[in-house]
Amino acid sequence: MRVFVYGTLLTGEGNHRVIAPYVHSICEGRIEGALYNSGPFPYLDVNGNGVVKGEWVTIKKGMEEKALLDLDRLEGYRGEGQMNLYDRVLVPDVNLPEIFGYVYTWPTEKSKKQLLAYPKIASGDWRKRHQETKKIAKKIDQLYFAYGSCMNAKS
């Protein structure tokens, strides 16, 4: 069994410790979707346009059920039809469709409008989110908005 991780479960990230005891192997991967930055963690929209970079984690034989229980707890997944923080769905790799597994994604019962309130990570790479945020902040710093006594009263 494989799980695609793209945020805090990635190697070297804060929640990797949750999946680490179950890891048989890890390889890079990409899936279709769009990534959004909620601040401390990302959201994935598997119906979004783009490609998300992450890792395929192969779970050790015999540990699949325990691994999913721990991951479900972390991701707030209670089961199909429940109010979940994330849903768990099967997805293929973009480049190697014979590689597929579970991924935790934006819940179908939540509105797309709520998701779009978060900034999109254009690169699809959680590890590049800070670089992208700095670029956006720099552009915003360059803008100047005139209002009040600075505006032409005749226009």
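A residue is called buried here when its relative accessible area is under 20%, exposed when over 50%, and partly exposed in between (1.4 Å probe, protein chains only). The model is predicted, with local features needing pLDDT of at least 70 and side-chain atom pairs counting only at pLDDT 80 or more, whereas totals for chains, interfaces and linings use all residues. Residues are numbered from 1 along each chain as its sequence is written, and side-chain values use heavy atoms, leaving out hydrogens and water.

The protein chain contains 4 helices and 7 strands, which are DSSP runs numbered from the N terminus (helices, H or I, at least four residues; strands, E, at least two). Their order along the sequence is β-α-β-β-β-β-α-β-β-α-α. Of the 155 residues in the protein chain, 40% are buried. Among contacts (heavy atoms within 4.5 Å) between residues at least 6 apart in sequence, 65% join residues at least 24 apart.

Turning to the interior, nonpolar side chains tend to be buried together in soluble globular proteins. A nonpolar core is taken as a set of buried Ala, Val, Leu, Ile, Met, Phe, Trp, Tyr and Cys residues joined through side-chain atoms within 4.5 Å. The largest such core has 33 residues, of which Y6, I19 and I31 touch the most other members. Among the elements giving two or more residues to this core are strand 1 (2-5), helix 1 (16-19), strand 5 (51-59) and helix 2 (64-75); the largest share, 4 residues, comes from strand 5. Leaving aside residues up to four places away in sequence, I19 touches V5, L9, V57, I59 and L71.

Rings of Phe, Tyr and Trp (its six-membered ring) pair if their centres lie within 6.5 Å, and planes under 30 degrees apart count as stacked, over 60 as edge-to-face and the rest as tilted. The structure holds 7 aromatic pairs. In one of them, the ring centres of Y43 and Y118 are 5.6 Å apart and the planes stand at 35 degrees, so this pair is tilted. Because Y43 belongs to strand 4 and Y118 to the loop between helix 3 (112-115) and helix 4 (129-141), the pair ties together parts 75 residues apart in sequence. Both tyrosines belong to one aromatic cluster formed by F41, Y43, Y86, W106 and Y118.
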